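Work through these exercises with the structure open. Each task is followed by a stepwise solution.

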Amino acid sequence: MSEQKRGMSPGAPGAGPGPGGHKGPMGFGGPGMLSMPGQKAKNFKGTLRRLLGYLKPYRMKLTAVLLTAALSTVFGIVSPKLLGDATTKLFEGFMAKVNGVPGAAIDFAYVWHIIMVLIGLYIASSAFAYIQQYLMAGVAQKTVYTLRKQVDEKLARLPLKYFDARSHGEVMSRVVNDVDTISGTLQQSLTQMITSIITLIGVIVMMLTISPLMTLILILTLPLSFVVIRAIASRSRPHFKGQQQALGELNSHVEEMYTGHKIVKAFGREQSAVQKFDTINERLHEFAWKAQFISGIMMPLMMLVSNIGFVLVCVVGGVLVTRGSIRIGDVQAFIQYAQQFSQPITQTANIANVIQSTLAAAERVFEVLDEPEESAEPVSMAGTFSLQGHVRFEHVSFGYKEEEPLIRDMNIDVKPGMTVAIVGPTGAGKTTLVNLLMRFYEIGEGRITIDGRDIRELPRGELRSLFGMVLQDTWLFNGSIRENIAYGRAGATDEEVLQAAQAAHADHFVRTLPDGYDTILNEEASNISQGQKQLLTIARAFLADPAILILDEATSSVDTRTELLIQKAMSGLMEGRTSFVIAHRLSTIRDADLILVMNNGSVIEQGNHEELLRAGGFYAELYNSQFAGSGMAQQAG
Amino acid sequence: MRTLMRYLRPYRSMIIWTMVFVLLQSIANLYLPTLMSDIVNEGVVKENTPYILKIGGLMLLVSAVGAALSVGASYLASRTASGFGMRLRSSVFSHVERFSLQEFDKLGTASLITRTTNDITQLQQVLIMMLRMMVMAPMMCIGGIIMAVSKDAKLSLVIIAVIPVLALAIYLIGSKGIPYFKAMQTKIDKLNLVLREYLTGIRVVRAFNRTDHERERFDAANEDLTATSIKAAQIMAAIMPVMMLLMNVTSIAIIWFGGLRISEGHIQVGDLMAFLQYAMQILFSLMMASMMFNMLPRASASAARIREVLQTEPVIVDRDSATAAAHGPASVVFDQVSFRYPGAEKSALSGISFEALPGQVTAIIGGTGSGKTTLVSLIPRFYDVESGSVRIGGVDVRELSQEALRSRIGFVPQKALLFSGTIADNIRYGKEDATDEELCHAAEIAQASEFIAGMKDGFDSVIAQGGMNVSGGQKQRLSIARALIRKPDVYVFDDSFSALDYKTDARLRAALKDETQAATVIIVAQRVSTVMDADQIIVLEEGGVAGIGTHAELMETCGVYREIVTSQQTEEEIA
């Protein structure tokens, strides 16, 4: 389970070139590689609006971010012009000297003055840029916090149906990866977009004030940039897609071969595994280098376009200066503007992509938030009745899918203290009963009552607290043994935990562990055995002290001695409680007050051992085949 | 990185050409400002329009050449990085395929998967960035310095003064920020853990009504992560503004000192303008390099993990003298076998001796941790014994080639594992060239025909990855069919009936009886009913043999066995 471990780091360093100031020589904006085209949101506008809704509480801060971003950019934009003025002054003084004007010198006082102003502007620009990033850090992370919290709270209200229908990985990827994508975008792309737009407008304005003609020439190179971006994006897309597909195939092949390593070895199929791997690997290589290459061309081509603009500006500017229509410093400033000009365009192309995939991620998160929840909770009846554990199914029908009913008109009456054994072949749908009793799923028709009360009249929490559940796939979490047992009841004392462990026959083995009750179970809880895990879950049920029990008898992977302990612990637990046992042991089944025989998800027979044997149905056959098992030698031989 | 470097060797000439291209391209880019300064110095000052046009044309040519070189570099870099990734991946995978279970235990399956997939992809990405940027950054930096010094050595002092300041600023901010980024990663892991636990235990959480408790846990992890993320992002917020400020201040300084130099007649205005461009190139390349350095620690962590895989040598290898033994009935003999897992204090098995004969069923029973699975793992040589020997058909398993040895064994593991593909593919995994009749026969014996026939596409029904769409019992039956189709000399069933209900279990064993008549059958089991009618039962306890014999004999002589029996069956059934 390591697929989710590497989250993306929100707000990673290197937030791309900021606003204003000088950029790279020929105007290449950061690692200008095309990223993998992301998924698109189905409902672009709606999702965007909803996402923006999350930013509402930070209106003030966001206004400040906008303001500082704008100020920082504007200050950055003004400075090349001032720098150009300084150059012009130098040039004029120099020309005067060259031309031998008497007493000619460079006006250093003026240049000094400009420099002082510039320093002020630069400091202000940087300071504002810092404030903007700083504020955005808080806004972005807090928004993401809210989103994550909402999703988690939502998960608590979703019916089990939702979780059964999808893999853990899928749910986790929505809570973790998708939310991270949003966080990254908020942190970087949002402000980048703002500064890009302001830069673009500001630069055009500044360029127009210098020379409309040169501005026109530069803008004429714009369509060229767009053509380049589009051509490359559309050419690289199939390769990226192929790459993604091949990578997915390769990864699942690796996963399968490694998890099945024992089988691969046992059947001597290493060679064919390697062959298949190499085939996919080569396909991946073909796609990968082409995708990389084509998207890698983007940068040099954009640079070429920008250089063409640069050359045009130099030539036209030079000619204009010789004619005296503009000043040399203006050409210098113009060159700098020209460099800043192409950058926001490349950036916007990238940002558009980022926004697409962010909205797709947001949409997936919102999908979770919009899932239908469990029906509303009725008013609590805590303490209004003392529980005996009389469970009745009255004309119950149910099916996971409406068109495939599993249970039709089922009636059972379980008196307090009775033991009900549920038997049937594996996969017969025994968990269905658990799902219904605990109201993990809603029944179709009829009703289930406990002590005469419809379970739908109880809040789910209270209903579930009536039940104790010990299942074969034990669930323990990464924490101490004490904490794991105490999970059964909030606020249990150490003394109570100890008593529960003793009652569950778990005390002995816990004490043999080096840290006793403080032993920390690791992430897979693999530092204790399967049987010991079951003892702990029994202890947990003891602590919860429920009126009704749902038990799952151990079949495999538990050694016989531990199984004996589990058996003892279970019978202790069952004393005086109404119990539903998913039974595998004949003795349990025979001693049960009621046997429910399940097959293919529905209850096909019910009654006690004698009745069912007499009926000569499925149960009788099942029971006899068990005896056939013991007497195999005679029968089969 | 050294071990991995050899995967770059086939691309040596490509890498050299990439560097040459990038160098030439950098020079082309640096040449542009020089030409621009010519426009100013010669064209503008002397008001020579044809000259301006001529140089302009030259600049376009230089730009085009630069772009062409860059495209070439991109081509070479893409092929190199992707080819490197492919070779490395292929060699890691085939290396891992040679591993015995011991190396898998040591490195962990999940970790091996990550190393083969994510880590290599990571390296490949860094490599391409390195080829494109890391090469370009120093080239541009050096080129820029050369050009700057050649224009005006004294003015270059400004640049020399700024570089250490810039480096220091990057270092200071980076060293403050990086610990937060590291902490962030562990906190993301923690959040994932909490969530994963919640998802896997959702029934328990709800049954115990502890949803609020889980929510608090998640919220705590969430808050913790958020606080750290904010801190990290706030520190990193300083990087860009500081860099921008430094670059801008540099350009002012150049204008000021350059102005002084101009007034003293050392340089011309055009030179100053070119100089400004050089300075920006140099500083920008430094910033680019600093971004690259951010990627290096991650890449080197990946590289270290991959290297560990490649440097792990499988402990089980075929001997040079390994022979391919003839097929035919073969006994399995354990002769004073002891074994311990690497690094374990206690032996998992000690002094095990027994003989399993062809045509007989040998059952192994015992508690968890008594060494049953370990014992049968020694037969196909998943592990090597510490002392003693395991012999098959009279030959020590270590004398046989692994392939020859395993081709004689039909192994059914405890955890039924299927591969994605059709049901037929999965059964044929045991014998690639099996006919349809063989396929049906194997399925029939394994009691799988019925449910296979019930599926929409029969044998062509597709099994999802991990066999998610078939039940545990069905998986086990398919995994038994897979072993049966080989018609091996030795069958090993490692607790392979556990997910079957009594009825299927009984039918299956009856059918197996005929099928495996001539073969040596070894069955590990938990249920006494499964082992009762075996020809010999071996009772294991704490890695040693507690008793060997038939059911009746053991009931007389072996206390451990009696205890197991009583715990599982009522008096009536034993009798």
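**Exercise 1.** How are H9(A) and H2(B) oriented to each other: parallel or antiparallel?

*Solution.* This is a predicted model. Start with the axes. Those of helix H9 (residues 270-322) of chain A and H2(B) come within 10 Å and cross at roughly 10°. Angles under 35 degrees count as roughly parallel. H9(A) and H2(B) are therefore roughly parallel to each other. Next, the residues. On the H9(A) side, the contact uses Asn307(A), Cys314(A), Gly318(A), Val321(A) and Thr322(A). Their partners in H2(B) are Leu32(B), Met36(B), Ile39(B), Gly43(B) and Val44(B). By class, this contact has 6 nonpolar, 4 polar and no charged residues.

**Exercise 2.** Describe the side of chain B that touches chain A.

*Solution.* Count first. In chain B, 149 residues are in contact with 147 residues of chain A. Then find the main contributor. Helix H3 (residues 49-98) of chain B gives the largest share of that side, 25 residues. Finally, sort by class. The chain B side has 74 nonpolar, 52 polar and 23 charged residues.

**Exercise 3.** At what angle do H2(B) and H5(B) cross, and which residues meet?

*Solution.* Take H2 (residues 12-44) and H5 (residues 109-151), both of chain B. Their axes come within 9 Å and cross at roughly 40°. That makes H2(B) oblique to H5(B). The crossing is right-handed. From H2(B), the contact includes Thr18(B), Met19(B), Val22(B) and Leu23(B). Ser26(B), Ile27(B), Leu30(B) and Thr34(B) also belong to the H2(B) side. Among the H5(B) residues they meet are Leu131(B), Val135(B), Gly143(B), Gly144(B) and Met147(B). By class, the contact of H2(B) with H5(B) has 11 nonpolar, 5 polar and no charged residues.

**Exercise 4.** Characterise the packing of H2(A) and H3(A).

*Solution.* Helix H2 (residues 59-98) and helix H3 (residues 108-157) of chain A pack at about 160°. Their axes are 8 Å apart. The cut-off is over 145 degrees for roughly antiparallel. H2(A) and H3(A) are therefore roughly antiparallel to each other. H2(A) passes H3(A) in a left-handed crossing. The contact residues divide into 26 nonpolar, 6 polar and 3 charged.

**Exercise 5.** Where are the kinks in H5(A) and H5(B) centred?

*Solution.* Begin with chain A. Helix H5 (residues 168-210) of chain A has 43 residues. From first C-alpha to last, H5(A) reaches 60 Å, close to the 63 Å expected at 1.5 Å a residue. A kink of about 40° in H5(A) is centred on Leu186(A). Now chain B. H5(B) has 43 residues and a reach of 60 Å between its end C-alpha atoms, close to the expected 63 Å. The kink in H5(B) is about 40° and is centred on Met130(B).

Note on methods:
Residues numbered from 1 in each chain as written. Chains lettered and ligands numbered in written order. Predicted model: local features only at pLDDT ≥ 70, side-chain atom pairs only at ≥ 80, totals over all residues. Axes fitted to C-alpha atoms, helices over the stretch in contact; angles between N-to-C directions. Helix = DSSP H or I, 4+ residues; strand = E, 2+ residues; numbered from the N terminus. Parallel < 35°, antiparallel > 145°, perpendicular 65-115°, else oblique. Left-handed = near helix turned anticlockwise from the far one by under 90°. Contact = placed C-beta atoms within 7 Å. Nonpolar A, V, L, I, M, F, W, Y, C, P; charged D, E, K, R; others polar. Expected span 1.5 Å × (residues − 1). Bend = angle between axes of the 7 residues up to and from the residue.
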